[in-house]
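Work through the two exercises below with the coordinates at hand, and compare each step with the solution that follows it.

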Amino acid sequence: MPIQKILFSFCIAIIAFVNLSNRTGASAVLGHTGSPGDNNISCVNCHGAVAKDQINMISTNMTGGAYTPGDTFEVSVTAEDPGKSVFGFEITCEKTGTKEKIGTWIKNSETRLKRNGGNIGHNGKNTNKQDKKTWTIKWVAPPSGKGDLTFYAVTMCTNGDGTPTNDNH
């Protein structure tokens, strides 16, 4: 199978989140990665925090940033902010320059699917950690002929006290 190049472009936001403990379960909204397919809406739109780039937030086991069509890859998303203890995330993959969701996400015990499986995010379980939380999920690459892809992700880092004070990254 031919190897196709994949572009990583991260739309990353650290969110001031009012009472994250009440929004990490089934009521947590997904479909807010900031991607074109999510209408450029991120969690910042509701929570008023300033989006900030986070270095090394997404990692994969793709060799050289390329995927083999149809193969399954591990994708890890890390939310990190010293002093914070409650975290959340969402990620999607789209064909570069379009709104088309690409690939298949495989949920696990800490995640749930949204937007007909085009996005995946935390489900509220095991979101309480100290300073940092990493989720590892599986993504199945699309069939050949899809070209360059872009991953978009958003993370939330809060102090878990139920107020937005000191939750900005």
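The exercises treat aromatic pairs and then one aspartate.

This is a predicted model, in which local features need pLDDT of at least 70 and side-chain atom pairs count only at pLDDT 80 or more, while totals for chains, interfaces and linings use all residues. Residues are numbered from 1 along each chain as its sequence is written, and side-chain values use heavy atoms, with hydrogens and water left out.

**Exercise 1.** Classify the ring pair of W105 and F151, and then that of W139 and F151.

Solution. Rings of Phe, Tyr and Trp (its six-membered ring) pair if their centres lie within 6.5 Å, and planes under 30 degrees apart count as stacked, over 60 as edge-to-face and the rest as tilted. For W105 and F151 the centres are 6.1 Å apart and the planes make 75°, which is edge-to-face. This pair links strand β7 (residues 104-106) with strand β11 (residues 149-158), across 46 residues. For W139 and F151, the centres lie 5.2 Å apart with the planes at 70°, so this pair is edge-to-face. W139 sits in strand β10 (residues 132-140), twelve residues from F151. Finally, Y67, F73, W105, W139 and F151 form one aromatic cluster.

**Exercise 2.** Is D38 buried or exposed, and which side chain does its own side chain join in a polar contact?

Solution. Buried means under 20% relative accessible area and exposed over 50%, with partly exposed in between (1.4 Å probe, protein chains only). D38 has 1% relative accessibility and therefore counts as buried. Its side chain joins that of N119 in a polar contact of 2.9 Å, a term for a pair of N or O atoms within 3.5 Å, where within protein one must be able to donate a hydrogen and the other to accept it, and residues adjacent in sequence count only if both atoms are side-chain atoms.

Methods: Helix = DSSP H or I, 4+ residues; strand = E, 2+ residues; numbered from the N terminus.
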